Amino acid sequence: MTDERTFTLAYAHHYPQVERFLRGMLAGRGDAPDLAQEVFLRLHARGPAAAGEAQVRFWLFRVARNLALNELRRWTLRDAMRPLLALLAAPQPTPHDALVRDEDRRRLLAHLAKLSADQRAALLLREWEEMSYDEIAATLEVSVAKVKSDLFRARQALRAAWENER
Amino acid sequence: MTCPRLEETSALFDGALGDDAAAAARAHVDGCAECRAFDAHMRRVRDALREPVAFAAAPAPRALWRRRIAIPLPVALLLFALLVALLLPRRAARETGAFDGFDAGRAPVVVVRSRGAR
Ligand SMILES: [Zn+2]
């Protein structure tokens, strides 16, 4: 068992980011909090720091990515759009000025859902976790060249989708 | 039409280029309208993603990391059928006055949770 103190610290420190990453990866499909718990259950069950403390973060996001991929395989495209709408309908107090940004956000989320999972994972780790290319590559267990190309393609795809709507 | 150095511009945006490569890339972006537009697009995506309300990180639930019990639907139906089979005879017995130990307030509750069904 992972020593409890290390686990508690990792949980407090990384849970919010892991859950957010999962929400982005699932883009409205599946249950992000449930998967996030699964990630930490696995951390808890895994032996003591097999990888060093510094590696825990990468390990967490790698497991989260893998769980998200499994979850996504269970969803058909048709299913994907339905909860996405529900997710977007989550009420938020929106001052008039925020309406435009809401619209941008809604479209961005819809477009994120259309990226390949690899592209989405790279983009979210880059923009949310502010990981370097080396760190993203280590986390996702891919080459740095693939990270570079996935990020570029993700941005290109988002631009194409964004501009198609205008 | 499409600048062949767009991917480099993307890497520059991420601070992923070495000093020399970054200087060269920056010089190119300054002179290339397409790369400047792409840079602006990347910035817009970053801003939208990082907007606090959009994808705010939820606080860690306190001690919630234990697994919620999830019963697959078929198993839940079986359990329910079993429960009915067990309780019905007792209820029938009570109605005939032959049995009076049944406490309705203690009826077991089965929570059904079906993954991905929402
Ligand atoms: Zn260019």
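Guide: What follows starts at the zinc ion and moves out to the helices and cores.

The model is predicted: local features need pLDDT of at least 70, side-chain atom pairs count only at pLDDT 80 or more, and totals for chains, interfaces and linings use all residues. Residues are numbered from 1 along each chain as its sequence is written, chains are lettered from A and ligands numbered from 1 in the order in which they are written, and side-chain values use heavy atoms, with hydrogens and water left out.

Four protein atoms hold the zinc ion: SG of B:Cys3, NE2 of B:His28, SG of B:Cys32 and SG of B:Cys35. They lie 2.1 to 2.4 Å from the ion. Donors here are N, O and S atoms within 2.8 Å of the metal (3.2 Å for Na, K and Ca); water is not among the atoms, so sites may look incomplete. The donor spacing in sequence is C-x24-H-x3-C-x2-C. Angles among the four donor atoms run from 99 to 118 degrees, and the site is tetrahedral. The ideal angle for four tetrahedral donors is 109.5 degrees.

B:Cys3 sits in the segment before α1 (6-13) of chain B, while B:Cys35 is in helix α3 (residues 33-50) of chain B, so the pair ties together parts that are 32 residues apart in sequence. Helices are DSSP runs (H or I, at least four residues), numbered from the N terminus. B:Cys3 is buried at 11% relative accessibility. B:Cys35 is buried at 0%. Buried means under 20% relative accessible area, exposed over 50%, and partly exposed in between (1.4 Å probe, protein chains only).

Now the cores. A nonpolar core is a set of buried Ala, Val, Leu, Ile, Met, Phe, Trp, Tyr and Cys residues joined through side-chain atoms within 4.5 Å. The largest has 50 residues, and those with the most contacts inside it are A:Val18, A:Leu22, A:Val39 and A:Phe40. Elements giving two or more residues to this core are α1, α2, α3, α5 (98-112), α6, α7 and α8 of chain A, together with α3 of chain B. The most comes from α3(A), with ten residues. Another core, of twelve residues, lies apart from it; among its members are A:Phe152, B:Cys3, B:Phe13 and B:Ala25.

A:Val18 touches A:Ala36, A:Val39, A:Phe40, A:Leu60, A:Phe61 and A:Ala64, leaving out residues up to four places away in sequence. Contact means heavy atoms within 4.5 Å. Helix α2(A) is mostly covered, with ten of its 14 residues buried. Its buried residues pack against α1 (4-26) and α3 (56-73) of chain A.

Finally, a residue that touches both chains. A:Lys148 belongs to helix α8 (residues 144-164) of chain A. It is partly exposed, at 29% relative accessible area. Its contacts are A:Tyr133, B:Glu7 and B:Ala11, not counting residues up to four places away in sequence. The C-alpha atoms of A:Lys148 and A:Tyr133 are 7.1 Å apart, with the two residues 15 apart along the chain.

Technical notes. Four donors count as tetrahedral if all angles lie between 85 and 135 degrees; four count as square planar and six as octahedral if opposite donors are over 155 degrees apart and all others between 65 and 115; anything else is irregular.
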